[in-house]
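Hello,

Here is the model we talked about handing over. Please open it first, then read my notes below.

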There are 2 protein chains.
Amino acid sequence: MRYIQKAEYGVPPNTSIDESDPLFVQAIARAMQVLSTFHEAAKPLTLNEIAAAGGMGKSAAQRVVHTLRQLGYIDRDADDRGYVPGIRILDHTRDYLRMNPLVVRASPVLMELRRNVRERVDLSLRDGLRLVYAARLQSKRETFFATLVGQSVPIYCTSGGRAVMAHMSDAEVDEIIERSVRREITPKTITDPAAIRAKVQEARENGYALALEEILQGEIAIATALVSPDGTPLGAIHIAGSLSEWDAESFCRRFAPLAGEAAGAINRF
Amino acid sequence: MRYIQKAEYGVPPNTSIDESDPLFVQAIARAMQVLSTFHEAAKPLTLNEIAAAGGMGKSAAQRVVHTLRQLGYIDRDADDRGYVPGIRILDHTRDYLRMNPLVVRASPVLMELRRNVRERVDLSLRDGLRLVYAARLQSKRETFFATLVGQSVPIYCTSGGRAVMAHMSDAEVDEIIERSVRREITPKTITDPAAIRAKVQEARENGYALALEEILQGEIAIATALVSPDGTPLGAIHIAGSLSEWDAESFCRRFAPLAGEAAGAINRF
DNA sequence: GACAATGTATCGCTGTACGATACATTCGTA
DNA sequence: TACGAATGTATCGTACAGCGATACATTGTC
């Protein structure tokens, strides 16, 4: 059996916990840590792997896994060879998506946008140093994974990330650049702080951000930010296409206005 | 702010726990129960609501919520008026989708199917008495929610459910019918056990299942089952259209072969 | 300006979750 | 077929984590 690769872009959610918080329930942290072990997993996990990854004893892992299994958040692999995430997780996915006002507001606009655009359209939400995809409306030709909800990419080197940074102060932008683990995901990934700042400035002037092959070879993407009433950037809309069919200039000329329109429709609430 | 409605079809995941299991960790169950409170929520929840719904004291709810917040599984509402599910949930969604072999295998086939079909195409997975949507490839005209991952529907009254039941023994089918809380979701919902058995038998003979307006007014849906190597049904592929454009007969004639082909491509692994 | 509702903090006592260890079962290999 | 290494499972006494009760703070509403 084949599985999709693990977290390619290595944007680990920041789980640095203030220890010795009197209100903090360790058992819950343990449980979530166990579930998070799967973020790094390329195949079903054994109990010992889970225990080791979580830095806990075998007994603890045993009880946590046992409990999560009872509740449906962990399952046995189809071949009974290891543990995999359980389907109950999707119930919470639904809750998140339907209770996030931005997702709710953006969805119809996104579908409308998709109707006028033959390319891939995404909605992403900011979480610290990364953008998490909440919806992906695939393009016709795309053969890739259907709707990879939960996939995340770094802010510093993506169109959506720059669209988001464009709505921040220089200080905040610097902080993001600083704290990000910048590596060349592709040869074209921009990692130099000054260059990133320049691209952010460019996004501020244009009203949209552009990224060329910084995450995926051959991919061109533009993005516009979604902001809260007070101006805080919350996420972005992306339109992504292939460089085999577009050059940067015509791509922008064609899609930037549409992306801007869509973002505008969502931002005025 | 508007939110999507709560669990319309009322398929509560079966969380009847064997009490006094020596390996069972109550704190984890509490945490998950708190997160599950959102399943029934139509708006952000207060601490007291969470406590009440979970049958726990205010202190317990306080600590659980506090911990889950630290970890990112719960957030404050944008207006700071209540609690909502947190974005970290989506990380686990991704894990589930990419580590489920059926989803991985089915996704490309589903996209191919969608290319040849101008209607909505879904992938659903069986969980007890319900089917949970793991992917939804929307049709052009559809204005509804983008990709409602995690949405679930009952087995007894859906095309996918009948496709699944068609691959079970009569005894198993009867058990599902028996245990299901059958109610008329629409006036057309079939709730009579004998009638359901007849539809299942029909699905067995045709190789696909059909449902007319049993969940949604004006909706027609056909489905074919996805089965494991040993024949156990694991989920279904759906094609759904509108009765304003199709009559049942032509819908089946047009799409049943395609659905069957797709299921076949997935089932032979 | 009083009141009701919210989230936050504190503190002893109880009972739960801990680690260590021993058992069972499956798998791969010689 | 028999061995050994890995897996998942069960048991048990002790320490400390999480419990409830209560009191405080802060916000919004009439």
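**Helix α3 of chain A**

The expected span is 1.5 Å times one less than the number of residues. Helices (H or I, at least four residues) and strands (E, at least two) are DSSP runs, numbered from the N terminus.

Before going on, the ground rules. This is a predicted model: local features need pLDDT of at least 70, side-chain atom pairs count only at pLDDT 80 or more, and totals for chains, interfaces and linings use all residues. Residues are numbered from 1 along each chain as its sequence is written, while chains are lettered from A and ligands numbered from 1 in the order in which they are written.

Back to α3(A). Its buried residues are A:A61, A:R63, A:V64, A:V65, A:T67, A:L68, A:Q70 and A:L71. Buried means 20 or more other C-beta atoms within 10 Å of the residue's own; exposed means 12 or fewer, partly exposed lies in between, and C-beta atoms are placed from the backbone. The cover over these residues includes α1, α2, β1 (74-76), β2 and α4 of chain A, plus α1 of chain B. After α3(A) comes A:G72, with a positive phi near 95°.

**Chain A overall**

Chain A has nine helices and eight strands. Of its 269 residues, 49% are buried. Among contacts with a separation of 6 or more, 58% join residues 24 or more positions apart. Contact means C-beta atoms, placed from the backbone, within 7 Å.

UniProt, in an unreviewed entry, lists residues 25-87 of chain A as "domain: HTH iclR-type". UniProt positions follow the numbering used here, feature names are shortened, and annotations may be inferred rather than shown by experiment. That span is 52% helix and 10% strand, with its end C-alpha atoms 25 Å apart.

**Helix α5 of chain A**

α5(A) covers residues 101-116. Where does it kink? The kink, about 35°, is at A:S107, shortly before the proline A:P108. The bend at a residue is the angle between axes fitted to the seven residues ending there and the seven starting there. A:S107 is also buried, as are A:L102, A:V103, A:A106, A:L110, A:M111, A:L113 and A:R114. Partners of the buried residues in α5(A) include α4 (88-99), β3 (120-127) and α9 (248-267) of chain A.

**DNA strand D**

There are 19 residues around DNA strand D; A:A27, A:L47, B:G57, B:S59 and B:A60 come nearest. Near means a C-beta atom, placed from the backbone, within 6 Å of the strand. α3(B) gives the most to this surface, with four residues. By class, the surface has seven nonpolar, nine polar and three charged residues. Ala, Val, Leu, Ile, Met, Phe, Trp, Tyr, Cys and Pro count as nonpolar, Asp, Glu, Lys and Arg as charged, and the others, Gly among them, as polar.

**Chain A against chain B**

The contact takes 68 residues from chain A and 69 from chain B. On the chain A side, α4(A) supplies the largest share, twelve residues. That side has 42 nonpolar, 16 polar and ten charged residues.

One residue to look at is B:Q151, in the loop between β4 (130-137) and β5 (152-154) of chain B. B:Q151 is buried, because 25 other C-beta atoms lie within 10 Å. Leaving out residues up to four places away in sequence, B:Q151 touches A:R94 and B:Y133.

Best wishes

Technical notes. Two residues are in contact if their C-beta atoms, placed from the backbone, lie within 7 Å.
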